[in-house]
Each structure stands twice: as structure tokens, then as C-alpha cells.
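Here are a couple of exercises to work through with the model open in your viewer. Try each one before reading its solution.

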Amino acid sequence: MYISESFIPILKNNPSEAKIKSHQLMLRVGMIKQSSSGIYSWLPLGLKVMKKIEQIVREEQNKIGAQEILMPTIQSSEIWKESGRYEDYGEEMLRIKDRQNREMLYGPTNEELVTDIFRSSVKSYKSLPQLLYHIQWKFRDEIRPRFGIMRCREFFMKDAYSFDINDEEALFSYNKFFLSYLKTFKRLDLVAIPMAADTGPIGGNLSHEFIILADTGESKIYTDKRIFEVNSDGSKLDKKSLNNLRNKFEKFYSVTDEKFNKEEFEKKVIKENRLITKGIEVGHIFYFGDKYSKPMNCSVDLPEGKKDFVKMGSYGIGVSRLVGAIIEAKYNETEEIMKWPISVSPYDISIIPIVNKNDKSTLEKAKRINTELEKNNIESLIDDTDENFSSKIKKMNLIGIPFQIIIGKQIDDDFIEFKELGKNSKKVKLSEIIKIIKKQKEKN
Ligand code: 5CA
């Protein structure tokens, strides 16, 4: 993509309304534009990042056998009255009336809707388990939308729902999501720690929040530092491996605010290992048994002939929130550099030719390089404007594409100036650059 043809509305200065880095940067480089309080449009650069995150989330859901569906954003109040949540949900729910005066709402979450879909067709235990997920917009009329897309009103979420015959099978499903979350966040180059959490309006008694550490996070956490060393490598999708995996994490005290108990913390964690800090909740999983299936009469025939309500869980990832969370985690305060992980970077590499009005040879070279990169599925952003070199570099540093090619006046066809953000530049062959980038991309 050539900058001269792109829609990347960069602002000259940091917008004053933005309090945290991710919000500042996303507005500054034109990733998002606020349309009203807590409601944003996603512009090309921001949408590219979000789509890449979405695709990684999708692939990891598919790997555990979950199937994608798409539900409407507007729901009928009927099913919410059945579950008993229509009144309970309170003012966070955006309620609407249609022209027949029917009560509708913009879905803040979809437990009821998916239970209704499930109960209308599944009647026997033989069809279980089922894992269904969707990735789409949700709306919560947050009392205090803030930090840009981190806590907004309309946001993009992956939500999944599991249906099982009994507690044991349901916990197996829960653990599959537990593992898939660890893998998803790893591919996003994030360290997200599962922490025992409160269930809030979703309900149930087993729940983990996946938290990444960040001073600007809204969740207060109390943990045993050693939990950061636990890893999920090699874990398989069978009951035993998954149980072991959860045990490995749960050995270490690690909770969010609502679950914190001072006495327990001090008893279980020696002083040197205590960490009290802040983090961003990027995912949340729940097991709630028959909380919805019972009032909504969603049951299946059991092998012995009896009927029972299906056992359900739900599993969310804040896809749009992750765009901001990655910036919070990856922004280097001292060097003032944002470097996107290659797996979600809007472009793989930027090409910065020093363009002179009378001499376009550097631009010609940029085009030749781009053609070669394209052949190797490497996507570049080329600054073909005639701005001066230092403002071009500033712009690209701000956007945070992890690699740069700089084409100066002395054109050498064999060796190219190549730079990884935050490191020194070096002269290398194009074939070498292609190798480096491909290798990084393959890691994902
Ligand atoms: N149905 C359940 C399944 S997990 C659910 O809705 N859970 S949730 O309320 O915890 O939301 C899931 C994820 O969505 C959160 O972990 C968070 O990453 C994201 N999220 C929630 N509220 C907002 C918001 N106001 N703005 C941006 N992201 C949000």
C-alpha cells in the first residue's frame, strides 16, 4: 500500500482527551475515530490489526473443535425474561422498542440466544458436546466508558458457549477453552495469566479472568510471581493433560480484586513471591451449569432414559480491547516506540524511500522491492510522499510496523538498509530480509 493512496489520517499532536498510551496512539495514527461516547469507527489501520487478532482467535477456537455461528445483534426481550436476566441486567442493557412496540435489546452477551438456538434442535445426549462461538459486536451501556476502545460501549467480542451432559464433561469443555486461551494470547505475543475471578452478571461458581500486566489496567490482581513461569507447551486436548495444566496454574495463588482474601494470600504466598499489581482483562471464562438451561427448559434425553438440563459455560475474549491491550503491553516508554508483534502488525514492513522531486529513482527501487516482497506474501506500507526523510521516519516509528527498509540516495541494488524497530540498521540482501520476516511469521 502506498501512503499517497491510503486513508491513514495521522494527527500532528497527541489528542488531549486521551489519558493512556493506547488511546493516544490509536487516535494519533488514525486507527479509530470516536463517533459518540464509547462508540468508535474503525479506520483501515485499526481494522487491519483487529482482523488479524480476530483470525488468530478464530483459528484457536476451531482447533479445539468449536464451530462458528453468527447471531443477530438485536435480540428479543422474551428470552431474557425466561432466564430472569431482563430485569437483573440493569442499565447496562440498551433497550429498544420496534414499531410494533415490542421490547428489543442490543445484545450485551448471548447466553440466552444461544440456549434458544440449541434447545430448538438438540434433544439427545448423543449430540453432545457442542461448542459454539461467534465473533461480533456487543453493546453495554457502560456508566463510565473510558480509555478509548478498552472500556467502550460498542465492542467486538468473541464469545463461545459449551453444552454438555454432566459436570465432568462440562469441565472438560471448560479446560479446552482454558488451553485455547493460553495459545491464543501466546500467538499475540502476550503473557496472559489465568486468575480466579468473580462471575458477576454472567453467574456460576467457576471462573477465570485472563489478565495481562499493565499499569493502566483496571483490574487489581494479587498473585504468586511464580505463576508467570508456568507454561502450556506440549499440553494435549485430553482430560488428563488439561486437568494437569489447570493444576499447574492453580497451584499458585492468583486472584482478582473481588476474590482477594488477605489472610489466605499471606498464608499461601511467601513475602518474596507476592505481587500486587494491575492488569487488563482480555478474556473471561465461566462455568455456570444449568443457570440458563433450567429456567429456559433446555434439556436432553440421557442414556438411561431420563432427561436433564444441559450443563453450560461461556467463554469471552475482548477482540477490540486486545488492540489497545497489545499497545499497552508492547509500548516502550523509554524509547517511545511501539512495535507491533508481526502476527498482528497492520503491515509486515515499511519501505521509506528518500524521494527527491526531480529524481524518482529511489521510489522506483521501492516499487521493485515491493513486488519481490508481495511474491513472498510480505505486505508493505510504502511512503511515496515527498515529505522529508525525518518526518517519514517519525511517521513510520509512530505507526509501529516492526521492520523498515530505508532507501537513500546511494542506491545499491545488492545491499539494502534494513532496520528492526528499536535496533540498529544494517545492510543486507533482499533475500535475507525476506528470510527474516518469513521466519518470524512462521513462528505463528
Ligand atoms: N458471555 C460472557 C462470556 S465470557 C461475557 O460476556 N463475559 S465478559 O463480560 O467478561 O466479557 C468478555 C470480555 O469482553 C472481557 O474479558 C473483556 O475483554 C471484553 N469486554 C467486556 N466489556 C467490555 C467493554 N465495555 N469494552 C471493551 N471490551 C469489553
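Two strands pair if DSSP finds at least two bridges between them. Keep in mind that this is a predicted model.

**Exercise 1.** Work out which way strands β9 and β10 run and how many bridges join them, then say why β10 is largely enclosed.

*Solution.* 
1. Start with β9 (residues 192-196): five bridges join it to β10, and the two run antiparallel. For one of the contacts to look up, take A192, whose bridge partner in β10 is I212.
2. Now turn to β13 (residues 274-289). β10 pairs with β13 over eight bridges, again in the antiparallel sense. Here I211 has E281 of β13 as its bridge partner.
3. Finally, check burial, taking under 20% relative accessible area as buried. Of the eight residues in β10 (residues 206-213), seven are buried, so the rest of the structure largely encloses this strand.

**Exercise 2.** Find where the buried residues of helix α10 fall around its axis, and what they pack against.

*Solution.* 
1. Get the helix's span: α10 (residues 361-375) has 15 residues and reaches 22 Å from first C-alpha to last, close to the 21 Å expected at 1.5 Å a residue.
2. List the buried ones: T362, L363, K365, A366, I369, N370 and L373. Looking down the axis of α10, they fall within an arc of 155°, so they line one face of the helix.
3. Look for the packing partners: the buried residues of α10 pack against β17, β18, β19, β20 and α12.
4. Step just past the helix end, where N377 takes a positive phi of about 60°.

Conventions. Residues are numbered from 1 along each chain as its sequence is written. This is a predicted model: local features need pLDDT of at least 70, side-chain atom pairs count only at pLDDT 80 or more; totals for chains, interfaces and linings use all residues. Side-chain values use heavy atoms; hydrogens and water are left out. Buried means under 20% relative accessible area, exposed over 50%, partly exposed in between (1.4 Å probe, protein chains only). Helices (H or I, at least four residues) and strands (E, at least two) are DSSP runs, numbered from the N terminus. The expected span of a helix is 1.5 Å times one less than its number of residues. The arc is that of the directions from the helix axis to the C-beta atoms. Contact means heavy atoms within 4.5 Å.
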